[in-house]
Amino acid sequence: MKVFVLRIGHRIPRDNRITTHVCLTARALGADGVYISDVHDQELIDTINSVSKRFGGAFQIDAGRPWRSTINGWKRAGGSVIHLTAYGMPLPKVIDRIRRSPGDKLVVVGAEKVPGDLYELADWNVAVTSQPISEVSALGIFLDWLFEHSRLEASFSNSEIRIVPSEHGKTVLTT
Ligand SMILES: C[S@@+](CC[C@H](N)C(=O)[O-])C[C@H]1O[C@@H](n2cnc3c(N)ncnc32)[C@H](O)[C@@H]1O
């Protein structure tokens, strides 16, 4: 199962930091890549590719395609679409069905108000609590549940540097 994240509504420069954090969280918690919809942000792409080069893995980042065509293409290919929203069904109630469902998963997070038809286009509207929270925390918690915590100690191939867990201080190995 491939898992990609679709980030809708990225505004340059206002969302630079939070969209970077969406991408870093997606990568660290096990997604295969992220699509930034509608706008091309080369600086963001370079930042994420630089992290991936140093910390490893094969994370993909793509930007500029309209969000609707990404979703339609994803569904045509047999994948399903999960929209994270405070208005959706509680994560604990739906996560088993999502995990068992066939096909690749596209996890959608917004920035400001998302287009209304997204709620209909999504196969699942999933709430990480029914309270407004950050898209970064919603995504991190969702992926952690999807992968049943397995990504918390995962390692990445082809890294240039690797953090060695330590009780105090910082240990980094050059590989
Ligand atoms: C800061 S919120 C903005 C929400 C916006 N005010 C609206 O009404 O759609 C940005 C994104 O975070 C995600 N989000 C916020 N709270 C959430 C929650 N409780 N569960 C799941 N996702 C959430 C959604 O993807 C949302 O589009």
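What share of the 175 residues of the protein counts as buried? After that, please look closely at the pairing of helix 4 and helix 6: at what angle do the axes of these two helices cross?

A: This is a predicted model, and in it 43% of the 175 residues count as buried. The secondary structure consists of 6 helices and 8 strands, which follow one another along the sequence in the pattern β-α-β-α-β-α-β-α-β-α-β-α-β-β. With a radius of gyration of 16 Å, close to the 16 Å that the globule rule gives for 175 residues, the protein is therefore as compact as a globular protein of that length. Along the principal axes, the C-alpha atoms fill a box of roughly 45 × 35 × 30 Å. Among contacts with a separation of 6 or more, 82% are between residues 24 or more positions apart.

Turning to the pair you asked about, helix 4 spans residues 91–100 and helix 6 spans residues 135–146, and their axes come within 10 Å and cross at roughly 50 degrees. An angle of 65 to 115 degrees would count as roughly perpendicular and one under 35 degrees as roughly parallel; the two helices are therefore oblique to each other. The crossing of helix 4 and helix 6 is right-handed. On the side of helix 4, the contact is made by Leu 91, Pro 92, Ile 95, Ile 98 and Arg 99, and on the side of helix 6 by Ile 141, Phe 142, Trp 145 and Leu 146. Sorted by class, the contact of helix 4 with helix 6 has 8 nonpolar residues, no polar residues and 1 charged residue.

The phi angle of Glu 148 is near 50 degrees, a positive value in a residue other than glycine. Because exposed means over 50% relative accessible area, Glu 148 counts as exposed at 51% relative accessibility. Asn 158 is likewise found in the loop between helix 6 and strand 7, and its phi, near 60 degrees, is also positive in a residue other than glycine. Asn 158 is exposed as well, with a relative accessible area of 69%.

Notes:
Residues numbered from 1 in each chain as written. Predicted model: local features only at pLDDT ≥ 70, side-chain atom pairs only at ≥ 80, totals over all residues. Heavy atoms only, no water. Axes fitted to C-alpha atoms, helices over the stretch in contact; angles between N-to-C directions. Helix = DSSP H or I, 4+ residues; strand = E, 2+ residues; numbered from the N terminus. Parallel < 35°, antiparallel > 145°, perpendicular 65-115°, else oblique. Left-handed = near helix turned anticlockwise from the far one by under 90°. Contact = heavy atoms within 4.5 Å. Nonpolar A, V, L, I, M, F, W, Y, C, P; charged D, E, K, R; others polar. Rg over C-alpha atoms; globule rule 2.2 N^0.38 Å. Buried < 20%, exposed > 50% of the residue type's maximum accessible area, 1.4 Å probe, protein only.
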